[in-house]
Amino acid sequence: MKLAIIGGTGYVGLTTAVCFAFKKHRVYCVGRSKEKIEKLQQGIPPIYEEKLEEMLKTVLASKTFVPTLNLEEAVIDSDVSFLCVGTPSREDGSIDLSQIIDASKQVGKALKKKKDYHVVVVKSTVVPGTTEEIVIPILEKESCKKAGKGFGVCMNPEFLREGQAIKDFMFPKNTGIVIGELDKKSGNTLYKLYEDFDAEILRTSLRAAEMIKYARNSYLAKDISFANEIANICQRLGIDFLEVKKGMEMDVRIGKGRFLNAGVGFGGSCFPKDVKALIEKAKAVGIKPRILESSIEVNELQPYQAVEMLKQHLKELKGKKIAVLGLSFKPGTDDMREAPSIKIVNALIKEGAEIYAYDPVAMENAKRIFSSSIKYVESAKEALANADACVIVTDWPEFGDGKLYRHLRGEILIDGRRIVDPRTIPSRLLYCGIGYPSNK
Ligand code: NAD
């Protein structure tokens with residue numbers, strides 16, 4: 001098939017574009033930044049994701065992947081277009097649909113000039129009702145065609161995780177594929193595109209597909225906040241949360257592999273903004289979403305647990321040198337959106353601490369967020385060699401090696417992700433972790 005991916009320079013759009021091109025579809029990867037499109041043409045991805053660069057080079061060479069700024073041409077020459085543009089939060093937490101509205105207008109205008117049947121797929125995360133109440137009316141107005149007759153519409157939420165985006169997209173067995181469809185014809189077109197993926201495919205209404213994405217993210221976010229609350233209680237009661245977690249997971253009704261990861265909280269471009277958007281949508285229809293609100297409330301405070309532990313042990317943070325290991329919101333990505341490191345680093349700066357920060361891939365993005373007072377160093381070792389204390393903020397695997405902390409000049413190690421086994425660090429160090437008893 002021929003596809004147009006709108007928002008092709010972002011995390012979801014570029015992954016979608018490269019992966020479909022890898023599966024031998026002809027893909028127009030449509031962006032709006034000339035610089036990023038030129039980079040893509042040279043085989044340089046504007047974001048970091050494992051295997052992405054390699055695959056980009058392959059699909060460019062096979063000519064199945066065409067980076068372009070020309071949305072109209074891309075839509076006219078394709079069978080299906082995917083809207084993968086951003087849906088960030090507005091100031092009040094509700095969803096900002098401006099990119100969706102703009103992209104729908106542009107696609108609608110292109111559809112006006114197109115003779116053949118075309119399916120528009122909303123892949124961005126949008127609150128329930130958006131496709132029917134906003135996207136379709138815009139497409140109809142701009143194209144002067146009727147949805148279901150002149151063109152088809154689907155809503156196809158994306159479940160990939162940054163850091164494992166390529167693998168998740170190519171092998172969606174663990175998440176399944178959801179196709180929300182305006183009518184059978186629209187859904188059948190998208191089904192054809194996905195039928196060779198090894199995964200269950202669920203076909204639903206447009207609104208149910210939109211809601212499935214929010215329900216999943218809110219459920220997972222709630223698990224993390226629940227784990228954090230229990231871990232905070234454990235820490236005060238002298239109980240190791242990791243033992244409790246193991247004990248919980250023995251119960252088949254809870255099960256292994258749940259999101260019971262205690263730490264400095266969740267961040268990223270999805271959980272915080274999606275839970276907040278669902279809260280606002282629920283309020284708009286007269287529901288007070290108590291569980292959703294609590295998930296956010298626990299999460300907003302959780303990064304400060306690490307700062308509190310530092311204060312407890314160093315007493316005064318003014319003038320203290322702190323190694324911050326990890327800046328991205330999770331390992332495997334350079335994405336800094338809503339990363340817990342932002343709250344932690346800003347709080348430490350406010351207390352007068354000197355920051356030595358290291359992240360394997362996110363330092364360039366971090367420089368756009370933090371004041372120039374931070375020192376960025378080239379390795380974890382270098383950060384530790386300067387520091388009175390260390391905080392592990394992102395669980396990059398390299399930070400899990402206890403031997404690394406031989407290089408820590410000071411004595412305090414705050415493990416904000418519980419990735420280091422305290423038995424493997426030098427005995428002169430004091431290990432403190434989220435949900436780790438302070439008297440141990
Ligand atoms: P992003 O900000 O990285 O990418 C969006 C891209 O769209 C940007 O590069 C922007 O320049 C481009 N864009 C906007 N309007 C455009 C237009 N008219 N024409 C061409 N390009 C345009 O965002 P993202 O993280 O890729 O997320 C995209 C959507 O997918 C969001 O709704 C998000 O909630 C959802 N989602 C994200 C993830 C994730 O892990 N990042 C996972 C699942 C779902």
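How far is a nitrogen atom of the ligand from an N or O atom in the side chain of Ser269? The distance is 3.2 Å, in a model that is predicted.

**View 1. Polar side chains at the ligand.** Besides Ser269, whose side chain places an N or O atom 3.2 Å from a ligand nitrogen, two further side chains are shown. In Gln106, a polar side-chain atom lies 2.9 Å from a nitrogen atom of the ligand. The side chain of Lys273 has an N or O atom 2.6 Å from an oxygen atom of the ligand. On its own the ligand has 830 Å² of accessible area, and the protein covers 91% of this.

**View 2. The shell around the ligand.** Two elements, α1 (11–22) and α5 (98–112), each give two or more residues to the shell. There are 25 residues around the ligand, and those that come nearest are Thr9, Val12, Thr87, Glu162 and Lys273. Sorted by class, the shell holds 11 polar, eight nonpolar and six charged residues.

**View 3. The ligand between two domains.** Domain 1 (2–204) contributes residues to the shell, and domain 2 (214–300) does too, so the ligand lies between them.

**View 4. Cysteines without a disulfide.** Zero disulfides are found in a search of the whole structure. For Cys390, the closest cysteine sulfur is that of Cys432, 11 Å away, which is too far for a bond. A disulfide would need the two sulfur atoms within 2.5 Å. Cys390 is buried, because its relative accessibility is 0%. Cys144 has a relative accessibility of 58% and therefore counts as exposed.

Technical notes: Residues are numbered from 1 along each chain as its sequence is written. This is a predicted model: local features need pLDDT of at least 70, side-chain atom pairs count only at pLDDT 80 or more; totals for chains, interfaces and linings use all residues. Side-chain values use heavy atoms; hydrogens and water are left out. Buried means under 20% relative accessible area, exposed over 50%, partly exposed in between (1.4 Å probe, protein chains only). A residue is near a molecule or strand if one of its heavy atoms lies within 4 Å of it. A polar contact is a pair of N or O atoms within 3.5 Å; within protein, one must be able to donate a hydrogen and the other to accept it, and residues adjacent in sequence count only if both atoms are side-chain atoms. Accessible areas come from the Shrake-Rupley method with a 1.4 Å probe; for residues, only the protein chains shown count as cover. Helices (H or I, at least four residues) and strands (E, at least two) are DSSP runs, numbered from the N terminus. Ala, Val, Leu, Ile, Met, Phe, Trp, Tyr, Cys and Pro count as nonpolar, Asp, Glu, Lys and Arg as charged, and the others, Gly among them, as polar. Domain bounds come from an automatic or database domain assignment.
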